[in-house]
Each structure stands twice: as structure tokens, then as C-alpha cells.
Amino acid sequence: MTREEIENNGEDMMIDDSKPKIENDFNVHYLRIYYGNLFPYTDIHKWLSYGHDGKHPGCDEYYFGRREFSFTLENDVYLRYKSFKNASVMEDAIKSNFPYKIDIGAVYSVDPDKRHAYAHSGTNLFTPVERELVFDIDITDYDDVRYCCSGADVCSKCWPLMTVAIKVIDTSLREDFGFKHILWVFSGRRGVHCWVCDAKARRLTNEQRSAVAEYFRVYKGNENNAKKVDLMGHSLHPFLARSYVDFLKNFFEGELQATQSIFSSKEKYEKILGMITDEDIQSDLRGKWENSARSSLSEEATSRLRWEQLKKTLQSKKNKALSLRTCVEEIVFTFTYPRIDLEVSKQMNHLLKAPFCVHPKTGRVCVPIDPNNCDEFDPLAVPTLSQLIEEINSGGLRMDVDDDDSDRSLLGKSIKFFRSSFLEPLLKSCKEEIESSYKTKIAKTKDSFSW
Amino acid sequence: MEVIRSQKRTVSNDVVSTPTLPLYLTAPHMEVRLEEFELFAIDRLRVLKGVSDGLARARNPNEMDDLVETLWKEHMRLSNVSEMINKDIISHFVLRLVYCRSDELKKWFLSMETALFRHRFRLKKIEEQRAIVGEFGLPYKAVIGAELESLKERLGLVARSHGQISSDVENIYYKVPFEEVPDLVASRRVLLQKGFAFVAGTQLVSLVVTQFRSHLSKALILTNRKWTTTIREREKDRLTPIVEALSTSYLGPDYSQSNEYADISLKDIDQVSKSSFPLCMRHLFEKLREDHHLKHGGRMQLGLFLKGVGLKLDDALAFWREEFTKKVGSERFDKEYAYAIRHNYGKEGKRTDYTPYACSKIIISAPGAGDHHGCPYRHFSEDNLKAALSRMGLSSRGMEDVMDKVRNRHYQLACTLTFEAVYGTSCDTGINHPNQYFEESQKILKSKTPAAPV
């Protein structure tokens with residue numbers, strides 16, 4: 001199937017051929033309908049309130065109001081430092097502005113609206129106090145290792161790179177760092193975002209966020225150096241070893257080879273030969289492959305054969321140099337290991353697009369992705385604005401948030417997943433925390449009364 | 001601390017409890033002579049400046065240990081141990097007063113004192129190190145028994161992943177929340193499990209340094225408050241003038257104000273980039289002309305450099321606009337990029353007038369896919385670097401000298417040699433800052449052809 005056909009298939013599955021196809025997946029009119037009827041205001045508000053709903057005496061009723069949001073309007077007008085007292089103020093603001101993009105920032109020490117009152121005293125009193133630990137993975141950062149698409153395009157051949165990235169990072173966040181409340185979201189076009197919402201994560205300093213991002217960093221390079229993954233030492237760190245054994249190796253030798261055939265042409269295999277630090281081995285393999293250039297095998301089969309040859313050659317020369325020991329792993333890591341955008345994760349005040357926004361270039365909704373089922377996720381089957389509008393028009397389906405039929409509506413499934421897998425466990429944990437820190441506070445004040 | 005004029009000085013007795021490495025947790029009760037107040041501070045400042053130089057030359061940790069030992073002996077040594085400790089403590093607290101007074105001063109002091117502490121700690125024996133950990137009152141216990149058994153194999157993997165052979169593997173590990181050891185986490189030098197890091201005895205330094213820095217950072221804020229509310233006024237005839245003079249003495253120019261040599265106009269910029277830019281900026285400039293775009297890191301590094309070189313805000317906007325509109329169009333330029341340029345010149349947001357990056361900052365940056373910033377001597381492969389140097393006009397002999405420095409990780413010395421080869425003159429102070437390279441270069445060129453633009 002060509003890329004075009006794959007893209008169109010997503011649309012054709014949903015829309016009845018007898019009705020005229022709605023052109024333009026994205027426009028302001030559809031956006032108004034979306035924000036008028038479908039955007040899950042209450043759920044977003046509940047999430048970002050982290051249990052501070054005013055029902056418990058330990059709640060901070062101003063917590064939600066200290067969160068920064070930003071709107072990007074039509075004509076690229078950008079409004080920062082927006083804040084809302086509660087869900088209905090937020091809903092009103094969105095419905096009167098119809099932003100093309102909504103970003104979520106940090107929770108600050110004071111209401112962002114009032115920041116100027118604190119700005120010019122010697123020490124800065126307007127500072128971020130809490131912010132989710134976030135990650136942004138964008139498939140354009142893999143352009144040097146994917147051959148089916150480049151730039152803003154994405155297809156079923158290269159999307160699996162995102163899938164494997166989710167698996168590696170999600171596992172590490174849970175196993176190594178002990179985080180539990182993790183939300184993965186489709187960025188709308190060509191990547192994924194990750195929101196780690198545990199209280200511990202929200203309170204990390206910039207230095208600690210930087211440390212986590214660097215822990216995940218393996219790929220180091222730009223066009224000026226040939227070898228971008230350097231796994232020194234006599235063994236891999238357990239995190240890298242686990243990622244390799246559980247996810248990367250099989251992905252590389254299975255799906256990646258099938259979809260990308262990374263050895264099948266001279267241009268492609270030279271890139272890989274450049275990663276082998278030994279000139280003799282390079283020439284040896286180059287010689288073999290140049291000679292077999294006219295073989296009758298398919299691209300995929302050729303690629304697989306050459307990979308086996310490379311592994312065998314390296315295995316036999318393993319003791320020649322320390323740098324060759326991890327060469328095979330380095331090649332696998334170069335092609336498959338997650339490449340996160342470090343800058344996004346390092347600073348508390350960095351803004352990131354909100355879940356359930358609509359991407360202006362594709363019209364697709366930024367829906368959550370289930371990390372336990374991410375193999376099934378297809379970016380080209382994500383509901384678009386026009387599909388959602390079509391659904392409203394044809395079925396007269398009103399998006400009733402508590403409807404048991406929510407499973408049948410395009411967006412309903414995503415919202416249901418958001419609630420049951422993410423929001424409910426998160427809120428439960430938040431309530432417990434508010435309860436326990438309240439109890440501690442009470443106990444302390446009691447003690448202070450004693451003489 | 002009491003500052004007095006008398007000849008004799010009473011020495012505090014509680015100093016001896018921290019034998020050789022004070023943590024500066026609380027201001028001590030002792031009397032200080034006025035002359036010592038200034039002299040001790042100056043000696044310590046010499047040590048800190050030496051540390052700063054060492055870091056800028058990207059010295060490895062062992063080299064830094066040696067450097068710190070040498071510096072300390074040279075500037076801080078006194079006839080007896082308790083005198084030394086007093087000088088240590090007094091000088092630290094005096095410099096706190098000096099360096100608490102602005103964000104930039106605080107940042108520098110915090111970095112240097114932390115580095116100094118880190119390397120002095122590393123030089124201590126393991127028993128002394130453990131004692132110091134105890135001093136901080138850290139609650140971490142060693143991992144023992146069944147838990148240790150279950151982790152042993154993976155702990156070994158971590159050690160071997162950093163080149164340690166099995167027989168050296170440390171057998172005492174502390175279970176610590178990962179937040180406490182960010183640098184060990186970042187370099188994957190510890191095993192992580194469910195939010196805890198397993199820190200080897202030999203890695204204690206990381207734990208302690210984080211505590212040290214965190215404590216000092218908070219202390220500086222408090223000191224600043226005390227200074228501005230009471231001390232400065234109270235001491236205006238005595239200590240305040242000394243304090244204010246001390247901070248300007250050793251930091252070197254920051255190039256935030258350009259001088260007479262360094263006013264360039266847009267029409268000269270291409271020529272000037274070939275004649276006077278250091279390699280890092282030349283590369284960025286060429287890539288900008290070629291791709292009509294630069295990613296954020298490159299825009300910051302080049303943009304601030306140009307500001308330091310004398311490019312006015314309006315000219316800067318015109319310059320970046322000319323390039324970027326070729327790729328993204330003028331509307332997008334105005335919306336997405338113009339703001340950031342004005343921000344760099346202190347015209348937006350919190351209105352900080354940002355200073356151009358020094359070599360030390362550029363060397364430790366981390367360019368990734370699609371980036372062109374950083375230090376070419378560090379971040380380029382050998383082949384690419386040689387090609388770039390040959391474009392700058394270096395002979396093959398000159399190039400070998402430069403490459404030799406690069407292989408030994410003396411990136412700034414490599415740049416200095418390049419400078420010397422290009423302009424045929426020696427540069428004794430060494431290159432520490434791209435704007436310094438530019439200014440020195442302009443000086444030389446202008447002295448050769450005073451009238452013509454260079």
C-alpha cells in the first residue's frame with residue numbers, strides 16, 4: 001500500500017460513501033462545535049486540580065487558579081499567563097476564544113494573572129511551584145534513520161518507532177523511578193507526549209528533571225559526527241540492557257528490518273559502516289556487500305542477510321578492541337532507542353499542549369494512548385474534527401458524558417480510557433495524600449500547644 | 001562573627017569538631033580582625049578563580065582534585081591547623097556577603113564553592129568522608145542482607161558499565177531517593193529501582209555535594225536579606241566598601257557592553273564573520289546563511305555573541321529577519337522569532353539583559369540532532385574539524401598542533417592555537433570567550449589597516 005492509500009483508508013472507514021465527503025479536516029467552524037460540545041472540560045479540570053476540589057478541609061481552593069495556561073488563537077496570536085478560578089471560568093474562556101492550541105504550564109506561587117505585582121521586588125516571588133514531569137518525542141528527530149517518510153509525514157512503517165519509545169520510557173518511569181500516574185498522549189500529527197503526574201514528579205526541581213532526561217539520553221549527535229551512540233564500558237547499564245533485551249533487539253530484527261530494510265542500498269549501509277570504529281572490518285563488509293549488490297533477493301531479505309553477516313564478523317573480532325564489544329548494540333540503539341526532546345523536560349516553566357486539543361494541520365484530536373496496548377494505536381485512525389462533526393450531524397449523537405453508549409462514539413472511548421485508567425487512580429491517590437498531610441498538620445499544631 | 005580592630009584574636013573552640021572540612025552550616029562565633037576580613041577573602045577568591053579556570057579548561061575530576069589541592073596549599077595554608085580552619089571559615093562567610101548581592105554573583109559563587117567542596121571532599125579518606133556524611137545528618141542506611149543479594153548482579157553491571165572491573169566493585173551501598181543524587185542519575189552511574197538510587201560508598205561525594213549546594217543556596221538568600229535590610233547600612237563606613245570592592249575584582253569582563261572596537265553594521269557582517277569570528281560562531285553563521293534557519297541553541301549562542309560584538313537590536317532584527325523569512329516567511333518570523341530576539345536584548349519578559357556565552361558554557365552544552373551550536377573543537381568529529389580548520393586557512397602543521405590539543409580535551413587551547421595561526425601572533429592570556437576572540441582579532445586587523453573596514 002502506498003502512503004496515500006494508508007492515509008485515505010483511515011478516513012474512508014468512518015465516512016459513509018453515499019454522503020459527500022467533508023473537505024478540510026480543520027476549520028474554525030468545526031472547532032467551535034468541538035469546543036461547544038465535545039471537549040471534556042470537567043475531566044481536564046478534575047485532573048489539574050489534583051484532588052483540591054474544596055470538599056476536604058485540607059484542600060487548597062486556589063490551587064487550580066494558580067496554573068498557567070496559554071492560548072494560541074487564529075492568526076497566531078499568542079496569549080500567555082492565562083489562569084482560571086474554576087472549571088466554568090475555563091470553559092467560558094475557551095468557548096469565547098476558540099483557541100487553535102491550548103498549552104498547559106506550571107502551577108505558580110501566585111496567580112499568573114497577578115504576577116506583575118510581585119515582579120519587581122529583588123527576589124523573584126513569582127516562581128513555578130509544581131509541574132508534571134513531561135516528555136516530548138517527535139518522529140522528525142528520527143529522520144536520519146527512517147526511510148519511508150521525512151519531516152512532518154508519518155506512516156504505519158515508521159510509527160512503530162514511537163511505539164517502542166513509549167514502551168522503553170514507560171517501563172523505566174515505573175520500574176526505575178517508581179512513578180505510577182503516567183498519561184501518554186498523541187501529539188496530533190507525528191509524535192507523543194508523556195505527562196508524569198505523581199506528586200513527587202510534580203515537585204521535582206529543574207535540576208532533577210534534567211537528571212531524569214539525561215538518564216534517558218543515549219543518542220548524542222548531529223550531522224557533524226558519524227557515531228551518535230557510544231555505549232562505553234564492559235557492560236550496559238541495567239536500564240539499557242533491559243530495554244535492549246525486552247524491546248529494542250526484537251523490534252530491530254523484526255519489524256524495523258521489514259519496514260525499513262536498512263542495509264539494502266549502498267547509501268543506507270554506508271551509514272551503518274560508519275558506526276564501526278574498525279577500518280578493516282568496514283572494508284571487509286563493504287567488499288562483501290558490493291559484490292552481492294545484484295543478488296536476486298528482496299530488499300528485506302538482503303537487509304537481513306547483511307545484518308547477520310555484520311553480527312558474525314563483529315562477534316569473531318570481538319576481542320580486538322573494547323569499542324567493538326558494544327558495536328552491535330550501538331547500531332540497534334541508534335535506530336530504535338527513544339529520542340526525547342531534552343529541553344521540554346528540563347524546565348518547570350515549559351508549556352506543553354493539552355490533551356484533547358485538535359491539531360490544526362491534521363484535524364486530529366490529541367487522544368490518550370494506552371501504554372499497555374500501544375502496538376494497537378494507529379495515528380492515522382485517530383478521529384478527526386470532520387469525522388466528529390459528521391458523527392454529530394448524522395446520528396444526532398450528543399456527547400453525553402455519563403452515557404453508557406459513550407463507547408460507541410468516536411471520542412467517547414478515549415475519554416472513558418482517560419477516566420478509568422488515569423484520572424480515577426490519580427484522584428484516589430491525591431485524596432489520600434491531602435488527607436494524610438492534613439492529619440500531620442493537625443497533629444503538629446496540637447503538639448505546639450503543649451508546654 | 002564579630003569584626004574587631006584589636007591585635008589579638010580569640011579563637012573559637014567549637015571549630016575543632018569538624019576537623020578538616022567545614023560545612024559552613026552556621027556562622028561561627030569568633031572575632032575577626034579587620035585586615036584579615038579582607039585578606040582572607042582575597043586569598044579564597046584566588047582559589048575560587050583557579051577553580052573557575054580549571055572548569056573552563058574542561059579538566060577531568062582527577063585533574064581538578066590535584067588543582068584544588070595545589071590552590072589550597074598555595075593560598076590558604078597557615079602555620080597551624082586551627083588557624084587554617086579559621087581562615088577557611090572566615091573567608092567563606094565574608095565571601096557570602098560579597099556574592100549574595102545579585103543573582104549572577106550568587107550563581108557564580110554557588111558553582112565555585114560547590115566545586116571546591118566536591119574536590120576537597122574527594123581528597124579525603126573514606127572514613128573522613130563517612131564522618132562528613134554523618135555531619136549533614138543524612139538518614140541513609142546501608143543496604144544489607146537479602147535486599148543486597150537481590151541487587152548484587154545489577155549493581156555489578158552498573159559498575160562495569162563505567163569501566164570498573166569486578167574486583168573493584170564497592171560492597172557498601174546506600175539506598176537513597178533518586179532526587180538526592182541527580183548527577184549520578186544523569187550519568188547512569190547508579191542502579192535505580194522504584195524511585196531509589198543505590199549509591200556506592202565511593203559515590204558519597206555526589207550525595208554530600210547536593211546537600212552542600214542546596215544548603216548554601218538557601219543560605220545565600222538569607223544572607224542577602226540580612227545584607228539589604230541591616231548590614232549594608234550599619235557597616236557603610238567600615239565593611240561595606242570592602243565588600244563592594246571585592247566582587248568586581250576577579251570575574252573578568254562579561255562583554256555585555258560592547259566597546260569601541262566592536263561596533264559592526266549589517267553590511268560588514270559577512271566579511272567580519274570570515275575575518276574575525278571564532279570557529280564556533282563562524283560555523284553557526286555559515287549554517288544560518290546556508291539553511292536560513294537555526295535551532296534554538298544556535299540562535300541563542302550566535303545571537304548573544306552578535307549582541308556582544310555590537311550589533312544593535314534593530315540591526316539584529318533585520319539580520320535574523322532577512323535570513324529566516326527566506327524559509328519561514330515574515331509573518332512567522334514576527335510571531336515566533338522576533339520576540340526571542342528582543343528578549344535577549346532585555347526588551348521583553350523579565351527584562352534581563354542576557355550576557356553572551358563564555359567558552360566554559362559553550363563547551364558544556366549538548367548539541368543534538370539538527371543543532372549547530374556548541375564548541376566545534378569538542379563536538380565535531382576529527383574529519384569535520386580538520387575540514388573546518390582548513391577553511392579557516394590553517395596549514396597542515398598548524399592543524400596537527402590544534403588536533404593534538406583537541407585529543408587531550410584542551411578545547412580552549414585548541415582555539416587559542418587556531419587564533420595564533422590565523423593572525424600570526426601569540427595570545428598569552430588564552431581564549432576564554434568568543435567575544436574576546438573577536439575583539440583581539442579586530443585589534444590586530446585594525447592595527448594593520450586602520451582606515452579600511454575589517
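This is a predicted model: local features need pLDDT of at least 70, side-chain atom pairs count only at pLDDT 80 or more; totals for chains, interfaces and linings use all residues.
On the α18(B) side the contact is formed by B:D401, B:V402, B:K405 and B:V406, which meet B:Y411, B:L413, B:A414, B:L417 and B:T418 of α19(B). Sorted by class, the residues of this contact comprise six nonpolar, one polar and two charged.

## Helix packing in chain A

Two packed helices are described by the angle between their axes and the distance between the axes. In chain A, helix α12 (residues 299-316) and helix α14 (residues 327-336) have axes that come within 10 Å and cross at roughly 145°. From α12(A), the residues A:W307, A:L310, A:K311 and A:L314 take part, and from α14(A) the partners are A:C327, A:V328, A:I331 and A:V332. The class count for this contact of α12(A) with α14(A) is seven nonpolar, no polar and one charged residues.

## A further helix pair in chain B

Chain B also holds a pairing of helix α12 (residues 296-309) with helix α13 (residues 313-328), whose axes come within 12 Å and cross at roughly 145°. Here B:R299, B:L302, B:G303 and B:L306 of α12(B) meet B:F319, B:W320 and B:F324 of α13(B). Five nonpolar residues, one polar residue and one charged residue make up the contact of α12(B) with α13(B).

## The interface between chains A and B

The contact between the chains draws 36 residues from chain A and 37 residues from chain B. About 3,000 Å² is buried between chain A and chain B, and carbon and sulfur atoms give 54% of that area.

Three salt bridges are found across the interface of chain A and chain B, and a salt bridge also joins the side chains of A:E207 and B:R213, with an N to O distance of 4.0 Å. Between the two chains there are 10 residue pairs in polar contact, counted where both residues are at pLDDT 80 or more. On the side of chain A that touches chain B, α6 (160-175), α8 (206-215) and α9 (238-260) of chain A each supply at least two residues, and α8(A) gives the most, with six residues. By class, that side of chain A has 14 nonpolar, 12 polar and 10 charged residues.

How values were computed. Residues are numbered from 1 along each chain as its sequence is written. Chains are lettered from A and ligands numbered from 1 in the order in which they are written. Side-chain values use heavy atoms; hydrogens and water are left out. Contact means heavy atoms within 4.5 Å. Buried area is the accessible area (1.4 Å probe) that two parts lose on being put together, summed over both. A polar contact is a pair of N or O atoms within 3.5 Å; within protein, one must be able to donate a hydrogen and the other to accept it, and residues adjacent in sequence count only if both atoms are side-chain atoms. Helices (H or I, at least four residues) and strands (E, at least two) are DSSP runs, numbered from the N terminus. Ala, Val, Leu, Ile, Met, Phe, Trp, Tyr, Cys and Pro count as nonpolar, Asp, Glu, Lys and Arg as charged, and the others, Gly among them, as polar. Axes are lines fitted to C-alpha atoms, for helices over the stretch in contact, and angles run from 0 to 180 degrees between N-to-C directions.
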